Amino acid sequence: MAEIDIGKHCQIDSCCQKDFLPFVCELCSGVFCLEHRSRDAHSCSEEPVKRVSQNTSVGTTSFPCSLQDCKGKELLPVICLQCGKHFCLAHRHQDDHKCEKLEVQKPRMAATKELVQKIVESKDISKSKGRKGAKNSATAAKVALMKLKLHAAGDKGLPQAERTYFQVYLPKESKDSSQPMFFCSKWSVGKVVDYAASLAGLKNNNNVLTATKLRLCHPETGEAFRMDNELLSLLTNQVPPLYNGGNVILEYLDHDGLENVADYIRQT
């Protein structure tokens, strides 16, 4: 059966008696047996400070703060459990008295902070590049919009404020590679497809369940837009953005997108 470790040994080298109820010196914080519990018996290294009050000459024990340049004192001992030194109430915490046994994790936290900063900076750079590319595309679309307004085909009865202009790239087998058109920004993608097919003279069997569908696709990603999406929502919320004055692609698809949009854009 394992022995139960109870009590502590007296710190006097010549004694080392194990006491089940050891005494802790209030001045030096040493552990002693009954015989060496007094200051004189264990030659205590700490001296009590005598304080003389204004009304009496009787000395009172006080405990000065161990922090350099601090003159604070306490009537009762305030001992740091880590370094075993006395401190005033203001410096009783490890951080306040710069405890020599304080486990500081600053290097680890600094490394974490540096890593987080790098991640944030990399995201900022990516956003900056994205904004720069988007800005260039938006500028190009504005220039193209002015040209499209001169030649685009569409419903002349549409209010100018509701018109959205695109250079529409047609399916590969079409006679023309692309045509400038304008649509109502309030139309659904399905209506835009139907109207574009009518203007370009394209075969449109989108109402036939088993037929290959004519789809409107993004000029950069090749993604086929949902038929029920409103054109205005694509202009305001699409990522990558879709611009008034930009490009779109019409193609017959039996899946959700084009594999290579460059096959269409190069035709111009």
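Predicted model: local features only at pLDDT ≥ 70, side-chain atom pairs only at ≥ 80, totals over all residues.
Local features need pLDDT of at least 70, side-chain atom pairs count only at pLDDT 80 or more, and totals for chains, interfaces and linings use all residues. Residues are numbered from 1 along each chain as its sequence is written, and side-chain values use heavy atoms, with hydrogens and water left out.

**Exercise 1.** Work out where His218 sits and which residues it is in contact with.

*Solution.* 
- Step 1: Find the loop between strand S10 (213-217) and helix H3 (231-237); His218 is there. Helices (H or I, at least four residues) and strands (E, at least two) are DSSP runs, numbered from the N terminus.
- Step 2: His218 has a relative accessible area of 0%, so it is buried (under 20%; exposed is over 50%, partly exposed in between; 1.4 Å probe, protein chains only).
- Step 3: Leave aside neighbours within four places in sequence; the contacts (heavy atoms within 4.5 Å) of His218 are then Glu223, Phe225, Gln238, Pro240, Pro241, Leu242, Ile249 and Val261.
- Step 4: Look at the side chain of His218: one of its polar atoms lies 3.0 Å from the backbone nitrogen of Glu220.

**Exercise 2.** Describe the peptide bond that joins Val239 and Pro240.

*Solution.* 
- Step 1: Read omega, which is about -5°; the bond is cis.

**Exercise 3.** Are Asp69 and Lys98 buried or exposed?

*Solution.* 
- Step 1: Asp69, in the loop between strands S6 (59-64) and S7 (73-74), has a positive phi near 75°. Asp69 is exposed because its relative accessibility is 75%.
- Step 2: Lys98 lies between S7 and helix H1 (106-151), in the loop, and its phi is positive at about 50°. With 70% relative accessibility, Lys98 is exposed too.

Technical notes
Polar contact = N/O pair within 3.5 Å; in protein donor to acceptor, adjacent residues only side chain to side chain.
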